[in-house]
Amino acid sequence: MKKSLKITLVSIGSLLAVIMIAIAVIVWYIFNPKRLTPIVNDLLAKNLTCQTDLDEVELTFFSTFPYFEIQINNLVLKQPINGSPSDTLCAVGSLGGRVAPFKYLFDKELVISGLTLNDGFVNIYTDSTGQGNYDIFPKTETKQDTSAFSLPFDFLELQTLDVKRVKITYADAQSGISTNIDNINLSLGATMHQLNGDASVNTTVTGISFVKNDSTPIIASISTFVLRADVNNDASKLTADLISDISGMNFS
């Protein structure tokens with residue numbers, strides 16, 4: 001190889017290395033948690049009417065290429081309302097996932113991997129006047145969209161969704177109904193292409209209780225509920241294989 005060609009190749013390689021390092025520094029500078037977290041906090045505050053707070057947002061790309069990975073820690077939404085057992089509407093210990101941006105940009109395929117939600121709490125409450133603590137979006141006067149709904153992508157693949165340690169409480173002061181679920185654990189995988197798709201889910205729910213306060217009170221509880229399901233839809237026919245198990249059921 002001629003000396004001039006070697007010099008040219010080395011120069012080009014060095015230039016590319018400098019460009020890649022510069023891009024890495026810029027991405028790190030813009031999207032490091034200390035800069036990204038206030039941006040996300042500000043977006044939440046502008047688009048939700050409830051009190052919002054989160055500890056940290058982290059975005060990575062180079063170490064997870066070709067995926068973008070985002071991690072949100074300690075997200076809390078608060079909406080105080082008289083009678084509610086808690087001011088908190090929703091809290092999440094950690095929420096994260098990976099998305100393949102190039103698959104969406106060039107192939108209109110939405111590929112999501114490693115979607116996780118851990119240590120969640122949801123408190124849904126409606127008072128005696130019908131006001132709910134879940135009304136957290138600004139009211140806008142927009143014309144009703146009557147056009148047919150279409151997905152913004154041709155193919156969806158949710159490789160893994162893992163939900164661990166989620167507690168849910170629901171209370172309606174108007175109807176006298178209250179429900180509590182102490183712990184939900186769920187694992188889901190799914191694909192969808194136009195009208196065709198399939199999904200596989202495994203769910204374990206513990207500590208389920210239901211109370212209806214009326215002239216004749218109703219109280220029901222289930223210690224453990226387990227569901228395993230495989231669902232397939234080929235546009236003309238929906239099929240499913242379900243296996244469920246219920247233990248510790250009480251009714252009075």
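Start by selecting Cys 50, which touches Leu 77, Lys 78, Gln 79 and Ile 136, leaving aside residues up to four places away in sequence. Contact here means heavy atoms within 4.5 Å. You are looking at a predicted model, where local features need pLDDT of at least 70, side-chain atom pairs count only at pLDDT 80 or more, and totals for chains, interfaces and linings use all residues. Numbering runs from 1 along each chain as its sequence is written, and side-chain values use heavy atoms, with hydrogens and water left out.

**Stop 1**

Buried means under 20% relative accessible area, exposed means over 50%, and partly exposed lies in between (1.4 Å probe, protein chains only). Helices (H or I, at least four residues) and strands (E, at least two) are DSSP runs, numbered from the N terminus.

In soluble globular proteins, nonpolar side chains tend to be buried together.

**Stop 2: helix α2**

Now select residues 33-47, helix α2. Which of its residues are buried? Leu 36, Thr 37, Val 40 and Asn 41 are. They cover an arc of only 135° around the axis, so they sit on the same side of α2. That arc is taken from the directions from the helix axis to the C-beta atoms. Turn to the other side of α2 and find Lys 34 and Lys 46, both exposed.

At 1.5 Å a residue, the 15 residues of α2 should span 21 Å, and the end C-alpha atoms are 21 Å apart, which agrees. The expected span is 1.5 Å times one less than the number of residues.

**Stop 3**

Go to Asn 74 in strand β3. Its phi is near 55°, positive in a residue other than glycine. Asn 74 is partly exposed, at 37% relative accessible area.

Next, pick Asp 119 in strand β5 (residues 109-126). Asp 119 is not a glycine either, yet has a positive phi of about 55°. With 40% relative accessibility, Asp 119 is partly exposed.

**Stop 3: Ser 84**

Select Ser 84, in the loop between β3 and β4 (88-99). Is Ser 84 buried or exposed? It is buried, at 15% relative accessibility. Its side chain makes a polar contact with the side chain of Asn 123 (3.0 Å). A polar contact is a pair of N or O atoms within 3.5 Å; within protein, one must be able to donate a hydrogen and the other to accept it, and residues adjacent in sequence count only if both atoms are side-chain atoms. Not counting residues up to four places away in sequence, Ser 84 touches Asn 123, Tyr 125 and Asn 133.

**Stop 5**

Move to β6 (residues 155-172) and β7 (residues 177-193), antiparallel strands joined by 13 bridges. Strands pair if DSSP finds at least two bridges between them. The two form a hairpin with four residues between them. In the turn, Gly 176 has a positive phi of about 75°. Leu 161 stands opposite Leu 188 in β7.

Finish on β8 (residues 196-212), which runs antiparallel to β7 and is joined to β7 by 16 bridges. Here Thr 179 stands opposite Phe 210 in β8.
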